[in-house]
Amino acid sequence: MKKILLALMACAWIFSLAHYSNVSMEEKVGPLDMSLSPNDEQITIEAGNIILYQGSNLIICYDINSWNFTRLGKNNGVTKEELLRSLEMETLR
């Protein structure tokens with residue numbers, strides 16, 4: 001049930017991504033309306049990863065990076081170019 005709730009929150013958040021900031025040309029980050037307990041570990045992110053950052057921010061990754069994050073999920077089979085196009089960020093290429 002918790003994963004379903006997080007997925008629904010992520011979907012709602014994605015629809016408003018245009019108002020959130022780009023970080024290091026690798027990810028799009030925005031605040032959640034609530035805080036969640038993080039379970040950070042050193043991971044390498046890639047296009048399609050959905051990450052919880054500092055317990056109160058959601059990140060959609062569109063490039064490779066390595067950091068301490070809590071991975072929430074992954075959109076398999078998506079490329080950086082597809083994400084940039086869908087996030088209307090083609091100017092970042």
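Among contacts in the protein chain between residues at least 6 apart in sequence, 48% join residues at least 24 apart. The model is a predicted one. Its protein chain holds two helices and six strands, and their order along the sequence is α-β-β-β-β-β-β-α.

**Burial and surface**
- Of the 93 residues in the protein chain, 38% are buried.
- The protein chain exposes about 5,900 Å², and 54% of that area comes from carbon and sulfur atoms.

**Nonpolar cores**
- Seven residues make up the largest nonpolar core: Val29, Ile43, Ile45, Ile51, Ile59, Cys61 and Phe69.
- Strand S3 (41-45) and strand S5 (57-61) are the elements that give two or more residues to this core.
- Another core, of six residues, lies apart from the largest one, and its members include Leu32, Leu52, Leu58 and Ile60.
- In soluble globular proteins, nonpolar side chains tend to be buried together.

**Strand S4 and its neighbours**
- Four of the five residues in S4 are buried, so the strand is mostly covered by the rule that buried means under 20% relative accessible area.
- S4 and S6 run antiparallel and are joined by four bridges.
- S4 and S5 also run antiparallel, again with four bridges between them.
- Leu52 stands opposite Thr70 in S6, and its bridge partner in S5 is Leu58.
- Both Leu52 and Leu58 belong to the six-residue core.
- Three residues lie between the strands in the hairpin of S4 and S5, where Gln54 takes a positive phi near 55 degrees.

**The aromatic pair**
- The count of aromatic pairs comes to one.
- This pair is formed by Tyr53 and Phe69, with an edge-to-face arrangement, 5.9 Å centre to centre and 65 degrees between the planes.
- Tyr53 lies in strand S4 (residues 49-53) and Phe69 in strand S6 (residues 65-74), so the pair ties together parts that are 16 residues apart in sequence.
- Tyr53 has a relative accessible area of 27% and is therefore partly exposed.
- Phe69 has a relative accessible area of 3% and is therefore buried.
- Phe69 is also one of the seven residues of the largest nonpolar core.

Conventions
Residues are numbered from 1 along each chain as its sequence is written. This is a predicted model: local features need pLDDT of at least 70, side-chain atom pairs count only at pLDDT 80 or more; totals for chains, interfaces and linings use all residues. Side-chain values use heavy atoms; hydrogens and water are left out. A nonpolar core is a set of buried Ala, Val, Leu, Ile, Met, Phe, Trp, Tyr and Cys residues joined through side-chain atoms within 4.5 Å. Buried means under 20% relative accessible area, exposed over 50%, partly exposed in between (1.4 Å probe, protein chains only). Contact means heavy atoms within 4.5 Å. Accessible areas come from the Shrake-Rupley method with a 1.4 Å probe; for residues, only the protein chains shown count as cover. Rings of Phe, Tyr and Trp (its six-membered ring) pair if their centres lie within 6.5 Å; planes under 30 degrees apart count as stacked, over 60 as edge-to-face and the rest as tilted. Two strands pair if DSSP finds at least two bridges between them.
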